[in-house]
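Please open the structure in your viewer and keep the sequence panel beside it.

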Amino acid sequence: MAAQYGRGEPVARGGATAPIAPARRIGFLAASAVIAFVMALAAWATIIGDDNFPSRNVFSLDSVARAADFAGGMVGAESSASPAFYNPDEWAEKARLAGETLAMSVAAAGLAALGALALFMFGARNVMMGSLAPYRSPFWTAPFFLVRGLFTVSRAVPELVWAMILVFVFTQGTLPGVIALAIHNGGILGKLGSEIVEGLDTRPMRALRSTGAGRMQVLLYGVLPEALPKFITYLFYRWEVIIRTTIVVGFVAAGGLGTEFRLAMSHFKFTEVTLILFWYLVLVLFVDIVSGQLRRLGN
Amino acid sequence: MNERATADSLGGRGALTAILLIAFAISLTGVGWGDGLINAGGVRAVGQILAAAIQPQLDLDVLSIGARSTWTTLAYAWAGMTVALAIGLPLGIIGSGTVVRSPWTRRWNISSARFALAVFRSIHELVWAWLFVAALGLSPMAGVLALGLPYGGILGRIYAELLQDVPEAPLRALRSTGASEWRVFWFGRLPMALPDMLSYTFYRLECGIRSAAILSFVGLGGLGHNIQISLQDIDYSRMWTFIYFLIALVLVVDLWSSLVRRRVAIEQG
């Protein structure tokens, strides 16, 4: 039921699960609740007990004044220079960067989709060693673990960390950021794609098989067409996440609003920050709307 | 009529495919390809990075730093989630518009709460982090709030939707007994939506771990901080140690959360 809630992160439900005794199940849930609560207390103890935690500052007039200063800076009250948002050239420049950010997000989503599409079949348990497997041999099942491992590593490492690593490899430009986004999201999309295939209703495939279709043909004409529409839906949800993250990748790699945000923050040009945030929100809203429309077109 | 619908959807899909391919092609021209893709030392760097992956630094002091920063990251994620719950739960309930009966109040409740939630979640946690650090100073509280705000925005939206999607029939039965709207919510709506809400919260916790790891980018401690420092020292083996810590942490929380979610799903039937 909750399959598609949230921005492209469907709640993966158990799927086919072995029955669990009710008492043990409740016991596990109760224990989990206790652990979660204790962890929360311990976490707050760590945060508050942190050496450089200026508890006197954060909840004090001093920090209120500081926050007010910052907010004032963002609306241009703090500096004698004319605020960036009164300057049409600044608007045009930030709009160009917003366009670049949009292009980066689309390129990243596209590359992630290509990677995931190439691999997601190999990450589905039922295709590699279950009821849909065309071959039964270790050479066919081995890629399952390889591909799933690849998905796990690529999505466990956040985009930003990938970007930090990739700036050592690629030339200075928007490319490291795009690739970083593509790697992380490719892992997520790949895992989602594999789970789609694992959750498919196999009855149509069996019907296809009974008409004399070969096992490979079942994969191509039975599994793939069933899985693709859902995959595209996830891709759109993911794009909505990617556009929010593209700015963050720009903090370490070059390109788009992110780099500009970093520069503006480090040079204390807070009115520019306001302008960048404005365009950022416009982009997010734009992508949410377009993605919603395209999803409807696909259905 | 059915054939017509199929034809329409095929046309829609064809158009969609074309749009996707064209957009992707255009976006590729927008990416600055520069002179050559890989920088001068790039190929060598890939070799070094990959070679370092199979020989992470396992000195005792590196491991102990890894363990400590793993806890820091976990603590940020957990504290951030408590803030997210404190924001998402009330705003989600208000945003579902299910506790009030008067249509006007309900509409006002829904739109204002949903707008606030949308603003919170539109801005990425790291951008919030930077803004909070600039406003409050380099305090762990800035990181916790930075995580809590966007996550609260997401949780609130999902909670609102889940609370709205509850089947109406049992609620009508409750109402017919004369229960107030608040009682209907408390004894009907919330218990029915709770399993899905719980599932989603746990799912978000997994994401929170990854987000907490990169909060260090704005100067807060944790695994990301150590990864960053290792990269600045161009010490790939040490970097991999911390990345493996991160992967292990994500996997453990992943596993726990999927076990919980599976049991909650059964609970729901």
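A residue is called buried when its relative accessible area is under 20%, exposed when it is over 50%, and partly exposed in between, as found with a 1.4 Å probe on the protein chains only. Helices (H or I, at least four residues) and strands (E, at least two) are DSSP runs, numbered from the N terminus.

This is a predicted model, in which local features need pLDDT of at least 70 and side-chain atom pairs count only at pLDDT 80 or more, while totals for chains, interfaces and linings use all residues. Residues are numbered from 1 along each chain as its sequence is written, chains are lettered from A and ligands numbered from 1 in the order in which they are written, and side-chain values use heavy atoms, with hydrogens and water left out.

**Stop 1: a covered helix in chain B**

Select residues 223-232 of chain B, which form helix α9. How many of its 10 residues are buried? Seven are, and the helix is therefore described as mostly covered. The buried residues of α9(B) are B:L223, B:G224, B:N226, B:I227, B:Q228, B:S230 and B:L231.

Continue to B:I234, which follows α9(B) and is found in the loop between α9 and α10 (236-268) of chain B. B:I234 is not a glycine, yet its phi is positive, at about 50°. Its relative accessible area of 49% makes B:I234 partly exposed.

**Stop 2**

Select A:F268, in the loop between α11 (256-266) and α12 of chain A. A:F268 is a residue other than glycine with a positive phi, near 55°. Is A:F268 buried or exposed? A:F268 is exposed, because its relative accessible area is 62%.

**Stop 3: chain A as a whole**

Now select chain A. Its secondary structure comes to 12 helices and zero strands. Of its 299 residues, 51% count as buried. Contact means heavy atoms within 4.5 Å. Among contacts in chain A between residues at least 6 apart in sequence, 71% join residues at least 24 apart.

**Stop 4: the domains**

Domain bounds come from an automatic or database domain assignment. For chain A, the assignment gives domain 1 (2-56) and domain 2 (87-298); colour these separately. Taken over C-alpha atoms, the centres of these two domains of chain A are separated by 26 Å. For chain B, the assignment gives domain 1 (2-46) and domain 2 (57-268), and their C-alpha centres lie 32 Å apart.

**Stop 5: the nonpolar core**

A nonpolar core is a set of buried Ala, Val, Leu, Ile, Met, Phe, Trp, Tyr and Cys residues joined through side-chain atoms within 4.5 Å. In soluble globular proteins, nonpolar side chains tend to be buried together. The largest nonpolar core here has 159 residues, and those with the most contacts inside it are A:F261, B:L126 and B:V127. Select B:V127: leaving aside its neighbours within four places in sequence, B:V127 is in contact with A:I247, A:V248, A:F251, A:F261, A:L277 and A:Y280.

**Stop 6: a buried asparagine**

Select B:N109, in helix α4 (residues 103-122) of chain B. B:N109 counts as buried because its relative accessibility is 15%. Not counting residues up to four places away in sequence, B:N109 touches B:I94, B:G95 and B:V100.

**Stop 7: a cavity**

On a 1 Å grid over the protein atoms alone, a cavity is a set of points where a 1.4 Å probe fits but cannot get out, and a pocket is an open set with protein on both sides within 12 Å along at least five of seven lines; lining residues have an atom within 4 Å of a point. Grid points are joined across faces, edges and corners, and a volume is the space filled by probe spheres set on the points.

The largest cavity has a volume of about 300 Å³. Of the 23 residues that line this cavity, the closest to its centre are A:V241, B:H124, B:E125, B:Y151 and B:S211. Which helix gives the largest share of the lining? That helix is α8(B), with six residues.

**Stop 8: a pocket**

Finally, select A:I232, A:L235, B:L16, B:L20 and B:L21, which lie nearest the centre of the second largest pocket, lined by 33 residues. This pocket has a volume of about 810 Å³. The most lining residues, 10, come from α1(B).
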